[in-house]
Amino acid sequence: MSDHHDDEHAREHDRPLSGPALRAKALESLLVEKGLVDPKALDELIDTYETKVGPRNGARIVARAWTDPAFKKRLLSDASAAIAEFGFIGRQGEDMVVLENTPKIRNVVVCTLCSCYPWPVLGLPPVWYKSAPYRARAVIDPRGVLKELGSGVPEDVEVRVWDSTAELRYLVLPERPAGTEGWSEDELAAIVTRDAMIGVAQVNVSERGRR
Amino acid sequence: MNGVHDMGGMHGMGLVEIEKNEPVFHSDWEARVHALNLACGFHRKWNIDIGRHSRERIPPAEYLAFSYYEKWLRGLEMLLVENGLVTPKELETGRAESKASGASVLRASEVAGFLRVRRLARMDDDVPAKFRPGERVLARNDHPLGHTRLPRYARGKRGVIDRDHGVFIFPDTHAMTRDRKPQHCYSVRFAARELWGPRASARDGVYLDLWDDHLDPA
């Protein structure tokens, strides 16, 4: 196999499909021929993750928590039930925990062993979250990582890193930025970023109008 | 297993680079691999912990060189062969030697329902908790050859139970023998300095989700 594989790499630029693309295509053909997968179901799965779930879901949760104290209380005491009120349930979001940032606490979520991530509220994880640098460094040097990403933490603020080693999925409830008094839930949701809900950024009013 | 997947605390991996306006998938084949993994999981020939362990068993040099979905592709190939859905020869040639008999296949109309089903990592079993929030614990210094959710960086370290999540399947046995071994899973807080020494901030902490079988009283 390895010779074949090397050949493919050498010719990669001349070919429409690279090594893994060819392997994936061959595997799909085999599984369809064997009657183990229906390609239309694959299309539907892909459409779900490309268009139906994503960080917009999580942003709605955060905006609601910022504007509705009773919801926030439910969210922090039983996140799975509170998030289910929005219908954001299912795979990789079965048991949710919400972590509240405060002026004295910054929460950061990582999965050092693989790529655990709350799909129903954030969609599929970005490449950096699954990458070796983040998985290696988030637990040993969270302040360095946050500083590099433009979100440095003052010395008197506690950093809590959550390594997702079980079937619990974590969502950070960022601090509501100053200057958003009187904003509607939709306006607030529009400034909540994926990275803020992972914990590597804070929500910034200047996000408004960027999307 | 002490694999390269257990990355917490490693040095030399480089900077964290966030891609602006990143697409969900960077190419069609990545999307197909993601969907194939889910659609093959529908056959229930393996569980999520067996799936994770397949990717952990990719040889370290390949694991580090592969992109994310290359790992998922290789892991899926291993799972299909090891669980008898595909023969090694079929995988090599790409041609089916026989049709799957009586297998019910995930259909497009069933996808939405399939993704909303709560899978049962949390269990109803009435198992007593060994620890209570606030108790001090010692993570075991154990290096199993098989799957474990206790990362190397926490082994032999002292922490405090932050909260009891309830009773969950124990992945370490579930991945190896399919034994669910239901037991309490806790969030355990380790002071950053307990894990990393004096270079770490005295204020900071790392929280890991660990099970009764990972912990002893401290």
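This is a predicted model: local features need pLDDT of at least 70, side-chain atom pairs count only at pLDDT 80 or more; totals for chains, interfaces and linings use all residues.
A crossing of two helices is called left-handed if the near helix is turned anticlockwise from the far one by less than a right angle, and right-handed if clockwise. Residues are numbered from 1 along each chain as its sequence is written, while chains are lettered from A and ligands numbered from 1 in the order in which they are written.

Let's start with the helices (DSSP runs of H or I, at least four residues, numbered from the N terminus). H3(A), residues 39-52, packs against H1(B), residues 28-41, at about 110°, with the axes 9 Å apart; axes are lines fitted to C-alpha atoms over the stretch in contact, and angles run from 0 to 180 degrees between N-to-C directions. H3(A) is therefore roughly perpendicular to H1(B) (65 to 115 degrees). Their crossing is right-handed.

Now for the strands (DSSP runs of E, at least two residues).

| Strands | Bridges | Direction |
|---|---|---|
| S2(A), residues 105-110, and S3(A) | six bridges | parallel |
| S3(A) and S4(B), residues 205-211 | four bridges | parallel |

A:Arg106 stands opposite A:Val159 of S3(A), and A:Trp162 has B:Tyr207 of S4(B) as its bridge partner. How many of the six residues of S3(A) are buried? Five are, with the strand spanning residues 158-163; buried takes 20 or more other C-beta atoms within 10 Å of the residue's own, these atoms being placed from the backbone.

Definitions and conventions: Angles under 35 degrees count as roughly parallel, over 145 as roughly antiparallel, 65 to 115 as roughly perpendicular and the rest as oblique. A residue is buried if 20 or more other C-beta atoms lie within 10 Å of its own, exposed if 12 or fewer, and partly exposed in between; C-beta atoms are placed from the backbone. Two strands pair if DSSP finds at least two bridges between them.
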